[in-house]
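Thanks for coming, everyone. Please put the model up on the screen, and I will walk you through it.

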Amino acid sequence: MLRTGKQVWEAQAKRSALGIRQEELEFHIQRYTVLITQSAILTGFSFESIVHLEVPEGTDWRVSAWFFGSISLANMCSVYVVVVGSCLVVLGNQLALLGQDGDSLERAVTHLRKRRFSLFFMGFISLFSMISGGMALAWIKMGVGKRTPQPRTHAHARTHRPTARSGAHRALVHFARSQ
């Protein structure tokens, strides 16, 4: 009688542990699915930006390189998240459902847990790269990154003659002459 009670208790404990593992598997799958969806959208936006932006003439090459570098990094990281995350979701479900051993659900959860940091890290890199590319795009579109030659005036052409006057006095004299 005691032996039967112990076996029933062990079976219930094992069933509840499997239920917890199943919920954990669904939790990781749901998180990965949300991340994959967001990364797929970022992939589309970044690819569209790379293909269709025509950099205006006279834009500083550094601002242009900043834009294309940031958007390219966002695209690469997003594609990585989509591909690796999709494989993890599919193979994690497959391992959990079709595994031959009794610990297949445990192994599936362990594999998903091991790879979550690298997957979410790449997702965050993608997002921050997209934000950086957006800042560069704003600079390009507003014309801030354009090189404009500074006009040479008579005041700039003069040679500087050191005097004993204070810096504040020289600044006032320069301001008065420029008016």
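Of the 179 residues in this chain, buried residues make up 25%. One caution before we go on: this is a predicted model.

Now the overall layout. How many helices and how many strands are there in the chain? Six helices, zero strands. Read along the sequence, that gives α-α-α-α-α-α. What about contacts along the chain? Take those with a separation of 6 or more: 83% of them link residues 24 or more positions apart.

Asp60 sits in the loop between α1, residues 2–52, and α2. Is Asp60 buried or exposed? Its relative accessible area is 11%, so Asp60 is buried. The cut-off for buried is under 20%. The side chain of Asp60 also has a partner. A polar contact of 3.0 Å joins it to the side chain of Arg62.

On to the helix pairs. A quick reminder on how to describe them. Two packed helices are described by the angle between their axes and by the distance between those axes.

First pair: α2 with α4. Helix α2 covers residues 61–98, and helix α4 covers residues 116–142. They pack at an angle of about 155 degrees. Their axes are 7 Å apart. Angles over 145 degrees count as roughly antiparallel, so α2 is roughly antiparallel to α4. And the crossing? α2 passes α4 in a left-handed one. Which classes of residue make up this contact? There are 20 nonpolar residues and 10 polar ones. Charged residues: none.

Helix α3 runs over residues 104–114. Here the angle is about 160 degrees, and the axes are 7 Å apart. So α2 and α3 are roughly antiparallel to each other too. This time α2 passes its partner α3 in a right-handed crossing. Who makes the contact? On the α2 side, Leu88, Gly92, Leu95 and Ala96. On the α3 side, Ser104, Leu105, Arg107, Ala108, His111 and Leu112. By class, that contact has six nonpolar residues, three polar and one charged.

Let's stay with Leu88 for a moment. It belongs to helix α2. Its relative accessibility is 12%, so Leu88 counts as buried. What does Leu88 touch, leaving aside its neighbours within four places in sequence? Tyr32, Leu112, Arg115 and Leu119. Leu88 and Ile29 are 59 residues apart along the chain, and their C-alpha atoms are separated by 8.5 Å.

Next, Val83. This residue is in helix α2 as well. Is Val83 buried or partly exposed? At 47% relative accessibility, it counts as partly exposed. Its C-alpha atom is separated from that of Ala40 by 9.6 Å. Along the chain, Val83 and Ala40 are 43 residues apart.

Please turn to helix α1, where Ser39 lies. Its relative accessible area is 2%, so Ser39 is buried. Set aside neighbours within four places in sequence, and Ser39 is in contact with Ser78, Val81 and Val82. Now find Ser126. Ser39 and Ser126 are 87 residues apart along the chain, with 7.8 Å between their C-alpha atoms.

To recap. The chain has six helices and zero strands. Helix α2 packs with α4 at about 155 degrees, and with α3 at about 160 degrees. The crossing with α4 is left-handed; the crossing with α3 is right-handed. Thank you.

Note on methods:
Residues numbered from 1 in each chain as written. Predicted model: local features only at pLDDT ≥ 70, side-chain atom pairs only at ≥ 80, totals over all residues. Heavy atoms only, no water. Axes fitted to C-alpha atoms, helices over the stretch in contact; angles between N-to-C directions. Helix = DSSP H or I, 4+ residues; strand = E, 2+ residues; numbered from the N terminus. Parallel < 35°, antiparallel > 145°, perpendicular 65-115°, else oblique. Left-handed = near helix turned anticlockwise from the far one by under 90°. Nonpolar A, V, L, I, M, F, W, Y, C, P; charged D, E, K, R; others polar. Buried < 20%, exposed > 50% of the residue type's maximum accessible area, 1.4 Å probe, protein only. Polar contact = N/O pair within 3.5 Å; in protein donor to acceptor, adjacent residues only side chain to side chain. Contact = heavy atoms within 4.5 Å.
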